[in-house]
Amino acid sequence: MRGLYALKPWYTRRLDGIVRWAVDRDVSPDVFTWLGVLSAAAAGVAIALGSWPLALLLLAGRLAGANLDGAVARARGVSRPWGFVINELGDRISDLLMFAGLAVLLGRLQGGAAVGFVLVAAVVATLPTFVSLAGAGAGAPRLNGGPFGKTERCLAVVLMVAMPGLSPLLLAVTVGLSLATASTRLRQLRRALA
C-alpha cells in the first residue's frame, strides 16, 4: 500500500520546470534538501501559531524540496551516497521541526499531556524510516510510501492545526498507522532479503 506516495510522479511532473531550471544552472540537489528544511522550519512556526493555511503551504514547500533534491540529482546524473545521507537528515530534521511546532501549539491549547502525546507520535512516526534505512543498509531497496508516510504525516499535522480538538484522535491515528507502516515495511524487507 503506497498511500499518498503514489501521487509522487504526478507531483514531480508539476515540479518539472524547476528541475529543468536547476539542471540548466547546475544547481546542487542539496540546495533543495535545505530549502525543504527551511520550509519545514517556517511551517513549524506557522503550526505553533495555529495558522493551518500557512502551515499547509509551507509543508507543501517542504515536500517539494524533498522531491526536488532526488529529481534534480537524477536529472543531472549526480546521485551519490552522500546525497542520500543529506536527504535523509533533511527529512528527519523537517519532521522534528513540524512536530515541535505541533507540541507548542497543543501544549498551549491543551496542556502538558498533549505535548507528551505529540512526542510519542513523533518518535513512533520515525519507525517506518528506521525500518527502511535498516533494510537499505542490509542491501534492500529503500522503501517509501504508506499506509502512513511523510505526506500523510504532513496532512495529519495540518488537520490538527486546523481542528485542534481532533488532535487526540489524529495523534492516535498517527501512532497506529505509523506502526502499521513499519510492520508492512518489515514484511516487505523480509521477503526482499530472504
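Trainee: How do the axes of helix H6 and H9 cross, and how close do they come?
Mentor: In this predicted model, the axes of helix H6 (residues 112-125) and H9 come within 9 Å and cross at roughly 20°. Because angles under 35 degrees count as roughly parallel, H6 is roughly parallel to H9.

Trainee: And which hand does that crossing have?
Mentor: The crossing of H6 and H9 is left-handed.

Trainee: What about H7 and H9, at what angle do they cross?
Mentor: Helix H9 covers residues 167-193, and its axis and that of H7 come within 8 Å, crossing at roughly 15°. H7 and H9 are therefore roughly parallel to each other, and H7 passes H9 in a left-handed crossing.

Trainee: Switching topic, how many cavities of 30 Å³ or more are there?
Mentor: The structure holds two of them. The largest cavity has about 40 Å³ of space, and the second largest cavity has a volume of about 30 Å³.

Trainee: Which residues line the largest cavity?
Mentor: Its lining consists of Thr33, Gly36, Arg62, Gly65, Ala66, Asp69, Asn87, Gly90, Asp91 and Ser94. The elements that give two or more residues to this lining are H3, H4 and H5, and by class the lining residues divide into one nonpolar, six polar and three charged.

Trainee: And what lines the second largest cavity?
Mentor: There the lining is made by Asp95, Leu96, Phe99, Ala122, Ala125, Thr126 and Arg153. Two or more residues come from each of H5 and H6, with H5 giving the most, three residues. The lining of this second largest cavity has four nonpolar, one polar and two charged residues.

Trainee: Okay, now the largest pocket: how much space lies in it?
Mentor: About 1,100 Å³ of space lies in the largest pocket. Its lining counts 44 residues, and Tyr5, Lys8, Ala66, Asn67 and Lys150 lie nearest its centre. Ala66 is also one of the residues that line the largest cavity.

Trainee: Which element gives the largest share of that pocket's lining?
Mentor: That is H4, with 10 residues. By class, the lining of the largest pocket has 19 nonpolar, 12 polar and 13 charged residues.

Trainee: Last one, aspartate 26: where does it lie, and is it buried or exposed?
Mentor: Aspartate 26 lies in the loop between helix H2 (16-24) and helix H3 (29-49), and at 55% relative accessibility it counts as exposed, because the cut-off for exposed is over 50%.

Trainee: What is the phi of aspartate 26?
Mentor: Phi of aspartate 26 is near 55°, which is a positive value in a residue other than glycine. Most residues other than glycine have a negative phi.

Methods. Residues are numbered from 1 along each chain as its sequence is written. This is a predicted model: local features need pLDDT of at least 70, side-chain atom pairs count only at pLDDT 80 or more; totals for chains, interfaces and linings use all residues. Side-chain values use heavy atoms; hydrogens and water are left out. Helices (H or I, at least four residues) and strands (E, at least two) are DSSP runs, numbered from the N terminus. Buried means under 20% relative accessible area, exposed over 50%, partly exposed in between (1.4 Å probe, protein chains only). On a 1 Å grid over the protein atoms alone, a cavity is a set of points where a 1.4 Å probe fits but cannot get out, and a pocket is an open set with protein on both sides within 12 Å along at least five of seven lines; lining residues have an atom within 4 Å of a point. Grid points are joined across faces, edges and corners, and a volume is the space filled by probe spheres set on the points. Ala, Val, Leu, Ile, Met, Phe, Trp, Tyr, Cys and Pro count as nonpolar, Asp, Glu, Lys and Arg as charged, and the others, Gly among them, as polar. Axes are lines fitted to C-alpha atoms, for helices over the stretch in contact, and angles run from 0 to 180 degrees between N-to-C directions. Angles under 35 degrees count as roughly parallel, over 145 as roughly antiparallel, 65 to 115 as roughly perpendicular and the rest as oblique. A crossing is left-handed if the near helix is turned anticlockwise from the far one by less than a right angle, and right-handed if clockwise.
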